[in-house]
Amino acid sequence: MSGILDLLNSDLGKTLINGVSNQTNQPQNKTQDVLTMGLPVLMAAMKRNAATPQGAEGLMGALNSKHDGSILDNLDVLFSGGVDANVINDGSKILGHVLGAKQQNVENTLGAKAGMDASSVAQILKIAAPLLMGMLGKQTKQQNVNSSSGITDLLGGLLGGSSAQQEQSFLESILDADGDGSVIDDVAGMMLDSNKKQGGLGSLLGGLFGGK
């Protein structure tokens, strides 16, 4: 079962990192750090939103109507010549919907940990968000999820794993951080050392990206 770092070290994972790095003119290692921490944070935020019937229905509707996973089929094409503005605009809307008023704090906190300014983190997340929705869309189809309760269960399962409680605490701390980086420093390296973890979100991403 692949962890997140295994995913990002796979061939398709490297395509994702290189593409986002080139698009945002950020170092590859820092881009990888932001993605390693940022993807689970976005997933945790989606799980929070899906805890209400309205939020779950909204997410389910988006997955059924637009984010079917096809964006993952040609990452080389997606990143060649620069990511299409429509994809970035879509990512901006996803971040605003999923993170709401916490968006700036999340970007500040991830930036503090990765050693990157918040505006660059925002650009990385704008590209990553549609890809994450595509991953969810594929899982929704593969597992025949067709209800609001089903999507809530799916998100809960994807955030599980052998270190679920500790990992969940880390994700919640980022979502609740005040932006000064102090909370994330208290749990420094948890996600960046996640190559020792198995199951949950890492398994989903590893499976979709062909992680080793």
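At what angle do the axes of H6 and H8 cross, and within what distance do they come? In this predicted model, the two axes cross at roughly 90 degrees and come within 7 Å. Helix H6 is therefore roughly perpendicular to H8, since angles of 65 to 115 degrees are assigned to that class. On the H6 side, the contact involves Val87, Ile88, Asp90, Gly91, Ser92, Ile94 and Leu95. These residues meet Ala122, Leu125, Lys126, Ile127, Ala129, Pro130 and Met133 of H8. Classified by residue type, the contact of H6 with H8 comprises ten nonpolar, two polar and two charged residues.

Helix H8, spanning residues 118–142, also packs against helix H3, which covers residues 28–49. For this pair the angle is about 55 degrees, and the axes lie 9 Å apart. The arrangement of H3 and H8 is therefore oblique. The crossing in which H3 passes H8 is right-handed. Helix H3 contributes Thr31, Val34, Leu35, Gly38, Leu39, Leu42, Met43 and Met46 to the contact, while H8 contributes Val121, Ile124, Leu125, Ala128, Ala129, Leu132, Met133 and Leu136. The contact of H3 with H8 contains 14 nonpolar and two polar residues, with no charged residues.

Two salt bridges are present in the structure. In one of them, lysine 66 is paired with aspartate 90, and the closest N and O atoms are 3.2 Å apart. Lysine 66 is located in the loop between helix H4 (53–65) and helix H5 (75–79), whereas aspartate 90 belongs to helix H6 (residues 85–99), so the pair ties together parts that are 24 residues apart in sequence.

Aspartate 73 is partly exposed, with a relative accessible area of 49%. Lysine 138 is likewise partly exposed, its relative accessible area being 23%.

Definitions and conventions. Residues numbered from 1 in each chain as written. Predicted model: local features only at pLDDT ≥ 70, side-chain atom pairs only at ≥ 80, totals over all residues. Heavy atoms only, no water. Axes fitted to C-alpha atoms, helices over the stretch in contact; angles between N-to-C directions. Helix = DSSP H or I, 4+ residues; strand = E, 2+ residues; numbered from the N terminus. Parallel < 35°, antiparallel > 145°, perpendicular 65-115°, else oblique. Left-handed = near helix turned anticlockwise from the far one by under 90°. Contact = heavy atoms within 4.5 Å. Nonpolar A, V, L, I, M, F, W, Y, C, P; charged D, E, K, R; others polar. Salt bridge = Lys/Arg side-chain N within 4 Å of Asp/Glu carboxyl O. Buried < 20%, exposed > 50% of the residue type's maximum accessible area, 1.4 Å probe, protein only.
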